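Good morning, colleagues. Please keep the structure in view as I speak.

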Amino acid sequence: MNRTKSLLLCFLGIAIFINTAIAQQKTTAQKVDELLKKMTLAEKIGQLNQYNGDWEATGPITADVGSKLDAIRRGEVGSVLNIIGVAHTRKFQEAAMQSRLRIPLIFGQDVIHGYSVTFPIPLAEAASWDMEAIEKSARIAATEAAAGGVQWTFAPMVDIARDPRWGRVMEGAGEDPYLGSLIATARVHGFQGKGLGNLDAVMACAKHFAAYGAAIGGRDYNSVDMSLRNLWEFYLPPFKAAADAGAATFMNSFNDLNGVPASANRYLMRDILKGKWGFKGFVVSDWGSIGEMINHGYVKDNYEAAEAAINAGSDMDMESRSYIKNLAKLVADKKVSVATIDEAVRRILTKKFELGLFEDAYRFNNAEREKRMINTAAHIEAARDVARKSIVLLKNDKQLLPLSKDLGTIALIGPLAKSKKEMKGFWSLDVGDEKEIVSLYEGMELAAPKTKLLYAPGCDITDTSKAGFDEAYKAAMQADVVVMAMGERPDMTGEAKSRSNIHLPGVQEDLIKAVMASGKPVVVLLMSGRPMVFNYTADHVPAILYTWWLGNQAGNAMADVLYGNYNPGAKLPITFPRTEGQIPIYYNHLNTGRPAHGDNDVNYTSAYIDLPNSPKFAFGHGLSYSTFKYSNLKLSKKTMLKTEAITVSFDLQNSGKYAGEEVAQLYLRDMVSQPVRPVKELKGFQKVMLQPGETKTITFTIDKNKLSFYNEALEWITQPGEFKLMIGSASDDIRLEDSFLLN
Ligand code: GLC
């Protein structure tokens with residue numbers, strides 16, 4: 001009896017202990033509210049203010065504010081950007097710990113495609129169509145950034161872009177909302193990992209909200225004018241995917257949308273993001289964008305800018321100083337309520353608690369972890385793997401590629417053949433040492449040590465001098481094969497880098513022509529952050545690889561593909577135009593009342609009389625060293641109710657002699673609908689590894705969600721009728737077709 005009694009007492013004691021612990025375990029919301037009650041209005045406003053650090057700026061510097069460390073000590077700053085490294089961030093955090101309430105700072109940084117180990121630019125990674133690889137890239141970037149004292153990356157950029165004149169096309173996932181949504185999800189999961197509070201997780205930031213990629217004329221920061229239906233159909237899906245994936249923050253964009261700047265766009269931030277989508281994180285403005293509403297002509301001064309922005313849902317002001325200088329007066333003037341301020345502060349403090357910064361403001365400032373977690377062999381190997389997967393084989397006539405490692409001599413020609421830091425592309429960080437970057441020359445030397453490499457730059461990237469042509473031609477004449485490394489400078493694609501002329505710059509195509517005259521087999525590698533125009537090369541050079549900017553392991557990855565250590569399987573995430581005059585051109589266009597049939601149909605059709613109608617290279621295009629056969633298409637049924645689904649299956653065979661991956665793509669077309677629908681829309685894909693001769697049966701499931709669209713009332717609906725189903729290797733390389741009825 002005593003034994004039972006003591007056991008019971010023991011259990012009772014444990015129960016009481018647990019209950020007490022739970023009672024003491026306040027929720028984050030309770031902690032935020034408790035802190036909020038202690039804060040003065042000035043301290044609340046301080047949390048809404050973000051300053052650039054004392055390192056390089058990523059935007060125009062506005063008026064100076066004196067010592068930022070003193071401002072932080074006065075509780076006037078909630079976050080700092082462009083400060084990295086545990087020592088440097090610690091110095092700023094120490095200042096925050098001297099403020100009255102010791103509210104920690106959040107450190108934000110554009111960790112767009114890697115921190116120390118730089119990965120391929122996002123558009124290149126998008127070409128991999130490999131969500132696992134894309135997520136891994138973001139995961140490693142986050143791990144290194146968090147070890148470096150950063151808690152917040154201003155990524156993923158999820159802007160749909162159809163205009164390659166726009167420099168920031170390099171930063172996103174291309175033109176398609178389906179692919180872009182999957183990539184947005186992968187990147188948010190990669191950056192945030194197992195969740196905020198983990199020491200290898202950083203807050204993601206879906207940007208730029210919204211439709212920034214539709215800037216008229218592809219001119220950065222320009223106006224965006226589109227129907228709300230277009231906004232919902234094409235530009236919002238990747239943002240919704242990022243929100244659904246749990247993105248901790250959003251960043252609004254510089255552009256106006258139909259005359260309302262995004263920084264004060266209540267429809268975007270309050271109606272859609274925080275309302276319909278139930279977003280609980282916070283919204284930061286883009287650099288100075290709140291103050292730039294004066295330039296827009298939307299407000300007359302920073303006082304009005306602050307009022308418009310905070311009331312529309314911009315929680316934090318990056319670098320415009322509008323909030324810190326005007327919100328107190330706006331509250332006094334009853335133009336902004338304390339409740340509105342509190343709502344913004346609550347959102348920001350919630351993330352600081354979730355990051356664990358109130359428990360330990362220095363938890364991300366561990367010098368030993370910084371050393372251990374950055375630039376590891378595993379990260380370097382992963383960067384090489386993602387880079388290989390991002391290289392698109394545009395052309396390979398007569399199977400010129402892969403090259404034999406027994407070749408006697410290769411002439412390696414071009415202005416980018418020995419480049420190193422250029423390989424990192426735009427939005428890369430100045431972390432790590434240039435010697436860690438592998439050039440194409442070095443990669444080829446390592447891959448085929450027996451082959452003699454003759455190097456000749458031939459010309460500069462943008463210069464018009466042809467003085468180097470002769471040396472290049474002579475090198476070609478001594479070689480078995482010529483490999484040419486051509487392209488832009490990395491600073492020709494990126495923010496504020498729109499180009500009206502996207503041809504291969506300088507005299508590079510003249511150099512290619514001159515080298516082709518040698519009669520030797522020529523392979524051209526094109527390096528750029530955007531689709532370029534290179535029609536002579538595309539029409540005359542037998543083998544072309546589009547290598548974008550591949551990051552630290554560029555040279556090894558390019559050599560892996562050149563020599564067949566890796567069989568390329570990437571596909572274009574964006575359409576390549578024949579010339580600038582063809583822009584905008586994208587695959588998921590409407591049919592019009594007078595569609596052109598074929599490249600040269602100009603008989604009263606929607607076409608140019610001086611240009612074939614098709615793009616130079618289509619969305620989804622990308623070759624392999626293998627070939628793939630599609631056959632035996634089957635539908636589980638030919639009619640479906642919207643409560644049902646159709647299973648589509650087909651056989652995919654590797655009919656080549658190399659093991660390789662194929663991205664089999666599923667496109668649908670709603671043949672008759674109101675409003676009309678695109679001639680095709682990507683609704684599924686599978687990246688499949690097949691051994692030579694191997695066949696796999698691939699299946700897709702078509703449910704009503706793949707058939708739905710927004711009607712004129714912006715309702716997400718389906719309409720009964722016939723759907724055309726297309727399966728292929730590219731949007732312009734359809735191998736199997738069928739149709740079915742939605743009843
Ligand atoms: C820049 C960019 C934005 C970036 C921010 C901070 O102007 O538009 O994408 O995150 O400023 O660097």
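Predicted model: local features only at pLDDT ≥ 70, side-chain atom pairs only at ≥ 80, totals over all residues.

I begin in the loop between β5 and α9 (228-235), where A210 lies. The peptide bond from F209 to A210 is cis, with omega near 5°. A cis peptide bond also joins K207 and H208, and there omega is about 0°. H208 itself belongs to strand β5, which covers residues 205-209.

Both K207 and H208 bring us to the ligand. A polar side-chain atom of K207 lies 2.7 Å from an oxygen atom of the ligand. For H208, an N or O atom of the side chain is 2.6 Å from an oxygen atom of the ligand. D110 also takes part, with a polar side-chain atom 2.5 Å from a ligand oxygen. How much of the ligand does the protein bury? Taken alone, the ligand exposes 310 Å², and the protein buries 100% of that.

The ligand is surrounded by 13 residues, and the closest are T58, D110, R168, H208 and D286.

Let me now step back to the whole protein. Its secondary structure comes to 22 helices and 26 strands. The radius of gyration is 28 Å, close to the 27 Å that the globule rule gives for 743 residues, so the protein is as compact as a globular protein of that length. Along the principal axes, the C-alpha atoms fill a box of roughly 85 × 80 × 65 Å. Of the 743 residues, 61% are buried.

Next, two regions of strand pairing. As a reminder, strands of a sheet pair through backbone hydrogen bonds, either parallel or antiparallel.

The parallel case is an open sheet of 5 strands, in the order β4-β3-β2-β1-β10. Which strands stand at the edges? They are β4 (152-153) and β10 (317-318); each has a single partner strand, so one side of each is left without a neighbour in the sheet. The partner of β10 is strand β1, residues 49-52, and the two pair in the parallel sense over 2 bridges. Within that pairing, N49 stands opposite D317 in β10.

Strand β20, residues 660-670, pairs with β25 in the antiparallel sense over 6 bridges, and Y667 stands opposite M726 in β25. β25 also pairs with strand β26, residues 733-742, again in the antiparallel sense, over 9 bridges. There, the bridge partner of G728 is I734 in β26. A hairpin of 2 residues joins β25 to β26.

R102 has a phi of about 50° and is placed in the loop between α5 (86-96) and β3 (106-109). Its relative accessible area is 48%, which makes R102 partly exposed. K398 has a phi near 55° and lies in the loop between β11 (392-396) and β12 (409-413). Is K398 buried or exposed? At 80% relative accessibility, K398 counts as exposed.

Thank you for your attention.

Note on methods: Residues numbered from 1 in each chain as written. Heavy atoms only, no water. Near = heavy atom within 4 Å. Polar contact = N/O pair within 3.5 Å; in protein donor to acceptor, adjacent residues only side chain to side chain. Areas by Shrake-Rupley, 256 points an atom, 1.4 Å probe, with all protein chains shown as cover. Pairing = 2+ DSSP bridges. Helix = DSSP H or I, 4+ residues; strand = E, 2+ residues; numbered from the N terminus. Rg over C-alpha atoms; globule rule 2.2 N^0.38 Å. Buried < 20%, exposed > 50% of the residue type's maximum accessible area, 1.4 Å probe, protein only.
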